[in-house]
Amino acid sequence: MGLNAEHSWADAPIIGHLWEDVLFMDRFQLGYTETGDCKGETDSSLPSPQRLQWDIEEPVSLALTASVSALGF
């Protein structure tokens, strides 16, 4: 699990508090079984994940390729 946020100098405490709340809830309120699995029941009413299909136009694709090449990847 991770978090990435763009913030100004005043926004960092908000993101920090949010992250602390998520970590606290995950560990101490929701918890894990002895085998390391999450406790609780799954919600079968949620839709299944599906692969996104992106339609990236050629100028954007070329710019992405040039950027990756410039980084040495």
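## Accessibility and setting of His7

His7 has a relative accessibility of 39% and therefore counts as partly exposed, the class between buried (under 20% relative accessible area) and exposed (over 50%), with a 1.4 Å probe and protein chains only. An unreviewed UniProt entry lists His7 under "active site"; such annotations may be inferred rather than shown by experiment. His7 lies in the segment before helix H1 (12-30), where a helix is a DSSP run of H or I with at least four residues, numbered from the N terminus.

The model is predicted: local features need pLDDT of at least 70, side-chain atom pairs count only at pLDDT 80 or more, and totals for chains, interfaces and linings use all residues. Residues are numbered from 1 along each chain as its sequence is written, and side-chain values use heavy atoms, without hydrogens and water.

The whole structure contains 1 aromatic pair. The ring centres of Phe24 and Phe28 are 5.2 Å apart and the planes stand at 40°, so the pair is tilted; pairing requires centres within 6.5 Å, with planes under 30 degrees apart stacked, over 60 edge-to-face and the rest tilted.

Phe24 and Phe28 are 4 residues apart in helix H1, and are therefore separated by about one helical turn. Phe24 is partly exposed at 43% relative accessibility, whereas Phe28, at 58%, is exposed.

## Overall form of the chain

The chain has 2 helices and 0 strands. Its radius of gyration is 20 Å, well over the 11 Å given by the globule rule for 73 residues, so the chain is more spread out than a compact globule. This radius is taken over C-alpha atoms, and the rule is 2.2 Å times the number of residues to the power 0.38. Of the 73 residues, 1% count as buried.

Technical notes
Rings of Phe, Tyr and Trp (its six-membered ring) pair if their centres lie within 6.5 Å; planes under 30 degrees apart count as stacked, over 60 as edge-to-face and the rest as tilted.
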